[in-house]
Amino acid sequence: MAAVENATGPLPSFDPYERGCPSRDLLDQIGSKWAVLVLGELGRNGTSRFSQLRQALAGVSEKMLTQTLRTLERDGLVSRTVYPEVPPHVEV
């Protein structure tokens, strides 16, 4: 890995083709088709309910959207808020 100089010292140069490169972690997190679309929709419209996301993302199954949201939440890219109501109210 080459380094680039800046005012605070050398900065590492990341190469996603090298094993162990931190940029590969980011690519793994957002590499799925649905993750990109979910993040785009949340970026465009802000906080959304599950049903709103499902309607906005034509073609996504409930199972795939659930898995994608769980992965994004696990990786810290989205946060989930559950409200103590009946029926349950959840926003991401």
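Glu41 touches Gly46, Leu53, Ala56 and Leu57, when residues up to four places away in sequence are not counted; contact here means heavy atoms within 4.5 Å. Glu41 belongs to helix H2, which spans residues 33–45. With a relative accessible area of 8%, Glu41 is buried. Buried stands for under 20% relative accessible area, exposed for over 50%, and partly exposed for what lies in between (1.4 Å probe, protein chains only).

The model is predicted: local features need pLDDT of at least 70, side-chain atom pairs count only at pLDDT 80 or more, and totals for chains, interfaces and linings use all residues. Residues are numbered from 1 along each chain as its sequence is written, and side-chain values use heavy atoms, with hydrogens and water left out.

**Overall organisation**

The secondary structure of the protein consists of 4 helices and 4 strands. Along the sequence, the pattern reads β-β-α-α-α-α-β-β. Helices (H or I, at least four residues) and strands (E, at least two) are DSSP runs, numbered from the N terminus. Of the 92 residues in the protein, 20% are buried. Among contacts with a separation of 6 or more, 33% join residues 24 or more positions apart. The protein exposes about 6800 Å², and carbon and sulfur atoms supply 54% of that area. Accessible areas come from the Shrake-Rupley method with a 1.4 Å probe; for residues, only the protein chains shown count as cover.

**The nonpolar core**

In soluble globular proteins, nonpolar side chains tend to be buried together. The largest nonpolar core in this protein has 12 residues: Trp34, Ala35, Val38, Leu42, Leu53, Leu57, Val60, Leu65, Leu69, Leu72, Val78 and Val92. Such a core is a set of buried Ala, Val, Leu, Ile, Met, Phe, Trp, Tyr and Cys residues joined through side-chain atoms within 4.5 Å. H2 and helix H4 (62–74) each supply at least two residues of this core, and the largest share, 4 residues, comes from H2.

**Packing of H2 and H4**

The axes of H2 and H4 are 10 Å apart, and the two helices pack at an angle of about 75°. Axes are lines fitted to C-alpha atoms, for helices over the stretch in contact, and angles run from 0 to 180 degrees between N-to-C directions. H2 is therefore roughly perpendicular to H4; angles of 65 to 115 degrees count as roughly perpendicular, under 35 as roughly parallel, over 145 as roughly antiparallel and the rest as oblique. Trp34, Ala35, Val38 and Leu39 of H2 meet Met64, Leu65, Thr68, Leu69 and Leu72 of H4. Thr68 touches Trp34, Ala35 and Val38, not counting residues up to four places away in sequence.

**Accessibility and the end of the chain**

| Residue | Relative accessibility | Class |
|---|---|---|
| Glu41 | 8% | buried |
| Thr68 | 4% | buried |
| Val90 | 23% | partly exposed |

Val90 lies in strand S4 (residues 89–91). Its contacts, apart from neighbours within four places in sequence, are Arg49, Phe50, Arg80, Thr81 and Val82. Val90 and Phe50 are 40 residues apart in sequence, with a C-alpha to C-alpha distance of 7.1 Å. Pro87 is placed in the loop between strand S3 (81–83) and S4. The peptide bond from Val86 to Pro87 is cis, with omega near 0°.
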